[in-house]
Amino acid sequence: MLSGERKEGGSPRFGKLHLPVGLWINSPRKQLAKLGRRWPSGNSSGRGGSPAPYVDTFLNAPDILPRHCTVRAGPEHPAMVRPSRGAPVTHNGCLLLREAELHPGDLLGLGEHFLFMYKDPRTGGSGPARPPWLPARPGATPPGPGWAFSCRLCGRGLQERGEALAAYLDGREPVLRFRPREEEALLGEIVRAAAAGAGDLPPLGPATLLALCVQHSARELELGHLPRLLGRLARLIKEAVWEKIKEIGDRQPENHPEGVPEVPLTPEAVSVELRPLMLWMANTTELLSFVQEKVLEMEKEADQEGDLSSDPQLCNDLELCDEAMALLDEVIMCTFQQSVYYLTKTLYSTLPALLDSNPFTAGAELPGPGAELGAMPPGLRPTLGVFQAALELTSQCELHPDLVSQTFGYLFFFSNASLLNSLMERGQGRPFYQWSRAVQIRTNLDLVLDWLQGAGLGDIATEFFRKLSMAVNLLCVPRTSLLKASWSSLRTDHPTLTPAQLHHLLSHYQLGPGRGPPAAWDPPPAEREAVDTGDIFESFSSHPPLILPLGSSRLRLTGPVTDDALHRELRRLRRLLWDLEQQELPANYRHGPPVAPSP
């Protein structure tokens with residue numbers, strides 16, 4: 001129930017406005033009342049010819065919109081009030097921009113002409129002993145850290161207000177208040193510090209701070225602010241990532257001057273180069289998931305109110321959100337692409353040793369599963385060193401598990417294709433396909449797969465190395481057994497090899513001086529065309545597509561901030577915002593940063 005008063009214009013009118021309970025939304029236990037202006041008689045359409053919005057409580061004033069605000073009450077307390085887009089609404093004297101709780105005794109101002117006091121009919125007449133808008137209880141806090149000094153009539157003394165502000169500036173609550181005018185400076189500072197690697201923030205610290213900005217906009221600022229913030233945030237991140245990619249490209253050019261040999265990157269060097277990109281990939285992934293949650297909440301809220309299809313401005317806001325999320329998608333795609341490019345570039349120079357090195361060196365014992373890198377045969381250490389560096393890097397950057405799997409999926413795809421192509425190429429010019437050589441390659445491959453199994457990557461590696469394993473298995477078949485096999489049986493036993501690849505391996509297999517392939521190895525006429533026209537080399541363009549992770553964000557925005565480095569950065573940003581607010585005031589109105597009293 002709202003007790004109403006017309007604030008100006010004509011004779012005062014006092015009375016009680018009973019909110020109807022006959023309109024149900026989603027659940028029969030949730031009640032909703034909409035306040036707005038009645039359309040002129042005979043006009044059944046709203047702006048632009050669209051149907052007039054349903055309103056069940058009518059007010060008449062020039063600044064009351066056709067649907068001004070919504071009061072919703074369910075079986076559980078408290079009730080909620082939500083202003084419509086562009087509707088001037090105050091709650092206990094403060095401008096209301098987002099949905100807020102409505103308690104008995106709260107004052108609700110609609111435009112410049114109506115003021116209501118809320119009484120909850122569910123309480124049976126009981127209510128607070130003192131209305132919440134009286135000085136004994138502070139009202140809603142406007143955005144920005146300076147809220148504690150903004151009101152001289154809130155009943156607080158100067159010392160009390162200073163202590164409240166100091167508690168906010170130094171507190172561990174995951175909250176970052178700012179005004180729209182400080183948004184650009186705040187976002188720029190967060191992105192700049194993250195790009196520079198300043199401080200000792202946790203890996204997902206930048207995403208956490210940016211998510212706090214998104215959360216503040218979604219909860220406290222006007223409805224159209226969030227899309228603009230998301231667009232600015234996405235552009236800043238993209239610019240920072242593009243600049244970092246350019247820096248790495250300048251240090252690692254693709255084309256070297258003639259006569260200057262290219263020095264391959266070591267695993268340690270590639271890890272240092274890629275750490276900034278991997279951090280941006282990890283942070284942007286979590287931030288995108290968080291943003292998607294907020295946009296879905298915005299769509300759901302608008303859909304409940306019936307605004308999703310009838311409000312052009314809301315449709316435009318959602319398009320802006322989609323554009324911002326598309327930019328974040330692009331950042332993730334690009335950082336992933338650059339990361340796997342430099343990792344595979346480093347792998348390329350190490351992989352040939354898997355085909356050439358002999359693991360059975362004199363006096364050496366083959367390591368078992370779970371062996372350390374240093375215990376592996378020398379020819380395998382460079383390749384495994386790249387895998388280990390990538391694994392440590394993804395762990396240190398707290399990359400999403402789905403992206404970790406896809407990163408190694410691409411590395412294993414590249415390794416399989418590169419090794420298989422080298423195997424196919426080497427059999428053309430000189431004797432290479434023989435049992436003794438195949439056993440060495442098979443042993444090297446088994447040692448690599450065992451090491452990857454111990455690192456938790458066994459399933460992914462087995463899947464992507466399947467074709468190389470099958471080709472090596474064919475070459476490991478003893479010569480006497482291989483001579484007894486037919487084309488059809490070999491095709492059945494090695495299904496991942498194409499007819500062209502199988503024929504190439506068999507036709508170049510070393511059976512001994514003067515001996516050629518037996519007639520049983522000849523492909524049948526039905527497969528002759530596939531053998532003659534098929535490509536024996538694997539294509540690097542058939543790599544698996546990148547699929548962005550789904551599900552909720554892993555950012556922790558509830559409970560106190562426990563990480564000391566993140567807390568220090570949060571305090572620094574709060575003081576930065578405080579300084580920006582103070583710079584706008586005359587010198588005699590400025591306050592230094594307050595200091596919390598000693599416990």
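Reader: What share of the contacts between residues at least 6 apart in sequence joins residues at least 24 apart?
Author: A contact means heavy atoms within 4.5 Å. The model discussed here is predicted. Among contacts in the protein chain between residues at least 6 apart in sequence, the share that joins residues at least 24 apart is 71%.

Reader: How many helices and strands does the protein chain have, and what percentage of its residues count as buried?
Author: The secondary structure comprises 18 helices and 12 strands.

Reader: What distance separates the end C-alpha atoms of helix α9, and what span should its residues give?
Author: Helix α9 covers residues 381-396, which makes 16 residues. At 1.5 Å a residue, α9 should therefore span 22 Å. The end C-alpha atoms agree with this, for their separation is 22 Å.

Reader: Which residue just after α9 takes a positive phi?
Author: Within α9 itself, buried residues include Thr383, Leu384, Phe387 and Leu393. Just after α9, a positive phi of about 55 degrees is taken by Glu398.

Reader: Is Ser552 buried or exposed?
Author: Ser552 lies in the loop between α17 (525-533) and α18 (564-583). Exposed means over 50% relative accessible area. Ser552 has a relative accessibility of 56%, and therefore counts as exposed.

Reader: Which residues does Ser552 touch, not counting residues up to four places away in sequence?
Author: Ser552 and Val291 are 261 residues apart in sequence, while their C-alpha atoms are 10.0 Å apart in space. With residues up to four places away in sequence not counted, Ser552 touches Ser289 and Glu293.

Definitions and conventions. Residues numbered from 1 in each chain as written. Predicted model: local features only at pLDDT ≥ 70, side-chain atom pairs only at ≥ 80, totals over all residues. Heavy atoms only, no water. Helix = DSSP H or I, 4+ residues; strand = E, 2+ residues; numbered from the N terminus. Expected span 1.5 Å × (residues − 1). Buried < 20%, exposed > 50% of the residue type's maximum accessible area, 1.4 Å probe, protein only.
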